[in-house]
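Work through the following exercises with the sequence and the model at hand. Try each task before reading its solution.

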Amino acid sequence: MRHIKIERATDGIATLILDNADGRMNVVNDAFIADMEAVTAEITADGSITGVIVTSAKSTFMAGADLKKLAGGFTPHEALVFSQRASRMHRAMETSGKPWVAALNGLALGGGFELALACHYRVLVDDPKAVVGLPEVNVGLLPGSGGTVRLGIFTGMKTAIDLLLSGRSVAPQEALALGIVDEVVSAANLIDRARAWLGTNPDPVREWDKKGWVPPHKKGMTVPENSAAYMMAVAEVARKGYNAPAPLAILASVFEGLQLPFDKALSVESKYFAKLLSGPVARNIIRTSFISKQAAEKGARRPANIPVSQVRKVAVLGAGMMGAGIACVSAAAGIAVVLLDRDVPTAEKGKAYTAKVQAKLVQGGKLDQAQADAILARITPTDDYALLEGCDLVVEAVFEDTAIKAETTRKAEAVLPETAVFGSNTSTLPIGQLAQASQRPAQFIGIHFFSPVDRMGLVEVILGKQTSPETLARALDFIGQLRKTPIVVNDSRGFYTSRVFQTLIHEGAAMLNDGVPPAVIENAAKAIGMPVGPLALLDELTVDLPLKIVEQAIAEDGDKHIPPAGVAVLRKMRDEIGRPSRKAGGGFYEYPEGGKKRLWPGLAKHFPVGLGYDVEELKQRFLYAQAMETARCLEEGVLETPEDADLGAVFGWGFPLWTGGTISYIDTVGIETFVAESDRLAQKHGPRFLPSAWLRDKASRREPIYPAEAGVDGTKAA
Ligand SMILES: NC(=O)c1ccc[n+]([C@@H]2O[C@H](COP(=O)([O-])OP(=O)(O)OC[C@H]3O[C@@H](n4cnc5c(N)ncnc54)[C@H](O)[C@@H]3O)[C@@H](O)[C@H]2O)c1
């Protein structure tokens, strides 16, 4: 047995020690299930064994399912077989005729906690890191090996729904209060307490396996608090506008499970699980937010054969909003930071941002004061370029102005070591253009952070034509030190994220011109899962910024991918109406002092509401506009991989995770449908939706953009 060790004691108690031979954590996969089936059969047949303790040799108990396996592509039948087998594994433990106790020595999540729930008793170590929970909803799934059924019985509908729909991790004391673990004890006492409970001669037959057991909510809808909790949860799911099918499947599985005989309930749960696992949403979420993300973080795009480097001293030029954030995350990663601005008070103000962030972490118990002080002490605010001596890498974050950026580049290079990498945090200016000011264009690169830097995990790396592979490797090593997720794109106007993101706001503005009520526009964007509506976004950005970008693009290459009607709306807001932004006192919204922002009623006069609109088509326009522009980026070589496209979309500008990202969205819709629907939208709304020959060609060959038939780890689908 490779993943489970069995120790037999003279008192008849067998201890199973989970110890995944292939990885850092215990996970549920075929190999583990096979081991567990064999060991359970052995225990059941062995009359000398009187009780079983399950614990782990790792620092955690068990993390859950092997996500690589789950993303591998399942048919509905394969998914059903997988779920039923895992369910049977737990049932075999539960009905072995011996009492089982889970001695949870660390975190137990997902499949790990389902295994614990299948034991007759659970003892959890009293350690803040030893959280328990069923987070499957976060990957578009439900716990499919008894989790929804047992949790429903243990806690009742309301708590089960709360835990399953939030997917939250529960700390030991709360787990005890909720009754999902039976004891919380110190690490030293864990096994003794498990053993002591077995010593009390517990009944190995669960109540639901006894004759005459009535499911707790057999009366179903007639139990008022049960049906009320269910209906309120359904309404809440609708209100939040979830697009993934998992929440509704979870609700149905718990609700129906509480009304059925136990094994029937498990089989219903398996069916819901199979539907989710064989559908595209779970696959998309897992692929982007786990598999591609981890690959990017482990250096998927890092040029090989270049020694791994480490930044010890970084210069951040410009201590404004972005520079302050970049200094903060660099110092927190243990890097010495020179934070330079035009004058010392401004640089000091930038440093104060780190003090504020660290103070919050100390307050929340995430950091102690000495650590916070050490982080702050790493930042040296200055206006003196001489201090840049010895910096391995620079991130320039001064105003978005080519001349100012050129001046800071020249001044910095005069002092920096010959080998230093120069990264610009520009969001729109082509890297090739900025590199003209550099004496060392091979060492010049775009390192584009997102705001707020300390909370946004993505960094878009932009390669100029002359950027060397070594510079790319060193930039990626730096991003790795900051524990952020990189994507790598090639130079062009707006690169990838800024270029595609603007299509959302221009589409929203065009809708206003079409006569769609502003509230409907905002709600349509939120209904697909965008975090903020386009009009609210425009108010935050100020209409000047997208206008400047689009006007330049139109002047240079007559951009046909931006709706002219949307551009006209932005111009009108700025030039005629005089409401360019929130900062300027108001834009599409008004911001009453002390009150909540609300859409500005004057919009109705300037943009009269038309006769009709189709909300589904509005949603489609938002999704298609962004997906189409991403496809163009891939076709033009701005993007090199669909993985970079999806990571940038989801983690850069908040494209809804349920889609997996803009390219996964096209593949999920189906490339032929995407092209046909785009043609329809183009006819109705303009050439920005027209598919290119490249897309049409793929559609004619029914060739998805992600490599066909390959699992996400490169293996053939199971
Ligand atoms: N704001 C965002 O969300 C965001 C996101 C990604 C990238 N960016 C890019 O990051 C850069 C900075 O943006 P920001 O939002 O932090 O701007 P900001 O206006 O908040 O900060 C810019 C800072 O640069 C300083 N500065 C200006 N000229 C200087 C000079 N000659 N020498 C030294 N310091 C100088 C200013 O004093 C100011 O503190 C821009 O290129 C912007 O496009 C911004």
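The exercises below go from domains to strands, loops, a helix and charged pairs.

The model is predicted, so local features need pLDDT of at least 70, side-chain atom pairs count only at pLDDT 80 or more, and totals for chains, interfaces and linings use all residues. Residues are numbered from 1 along each chain as its sequence is written, and side-chain values use heavy atoms, with hydrogens and water left out.

**Exercise 1. Domains**

Task: describe how the chain is divided and what lies between domain 2 and domain 3.

Solution. 
1. Domain bounds come from an automatic or database domain assignment. Domain 1 takes 4-203 + 215-278, domain 2 takes 313-493, and domain 3 takes 498-637 + 641-700.
2. The centres of domain 2 and domain 3, taken over C-alpha atoms, are 30 Å apart.
3. Contact means heavy atoms within 4.5 Å; on this rule 14 residues of domain 2 touch 13 residues of domain 3.
4. Buried area is the accessible area (1.4 Å probe) that two parts lose on being put together, summed over both. For domain 2 and domain 3 this comes to about 1,100 Å², with 52% of it on carbon and sulfur atoms.
5. On the domain 2 side, 49% of the area buried against domain 3 comes from Leu458, Ile487 and Arg493, more than from any other three residues.
6. A salt bridge is a side-chain nitrogen of Lys or Arg within 4 Å of a carboxyl oxygen of Asp or Glu.

**Exercise 2. Backbone exceptions**

Task: locate Arg483 and Thr542, and decide whether each is buried or exposed.

Solution. 
1. Arg483 has a positive phi near 60 degrees and is not a glycine. Arg483 sits in the loop between helix H18 (469-481) and strand E18, and is exposed at a relative accessible area of 76%.
2. Thr542, also not a glycine, has a positive phi of about 75 degrees. Its loop runs between helix H21 (534-541) and helix H22 (544-557), and Thr542 is buried at 15%.
3. A further backbone feature is the cis peptide bond from Ser451 to Pro452, with omega near -10 degrees. Pro452 belongs to the loop between strand E16 (444-449) and strand E17.

**Exercise 3. Helix H6**

Task: list the buried residues of H6 and name helices that cover them.

Solution. 
1. H6 covers residues 157-166, and its buried residues are Met157, Ala160, Ile161, Leu163, Leu164 and Leu165.
2. The cover includes helix H5 (147-155), helix H7 (172-178), helix H9 (224-240) and helix H10 (246-257).
3. After H6 comes Gly167, with a positive phi near 65 degrees.

**Exercise 4. Salt bridges**

Task: find what Lys69 and Glu37 pair with.

Solution. 
1. The whole structure holds 46 salt bridges.
2. Lys69 pairs with Asp30 at 3.0 Å, N to O. Lys69 lies in helix H2 (residues 67-70) and Asp30 in helix H1 (residues 30-45), so the pair ties together parts 39 residues apart in sequence.
3. Glu37 pairs with Arg85, with the closest N and O atoms 2.9 Å apart. This pair links helix H1 to helix H3 (residues 76-94), 48 residues apart.
4. Glu37 is partly exposed at 31%, and Arg85 is partly exposed at 25%.
5. A network of salt bridges links Arg91, Glu94, Arg150, Asp209 and Asp263.

Note on methods
Buried < 20%, exposed > 50% of the residue type's maximum accessible area, 1.4 Å probe, protein only. Helix = DSSP H or I, 4+ residues; strand = E, 2+ residues; numbered from the N terminus.
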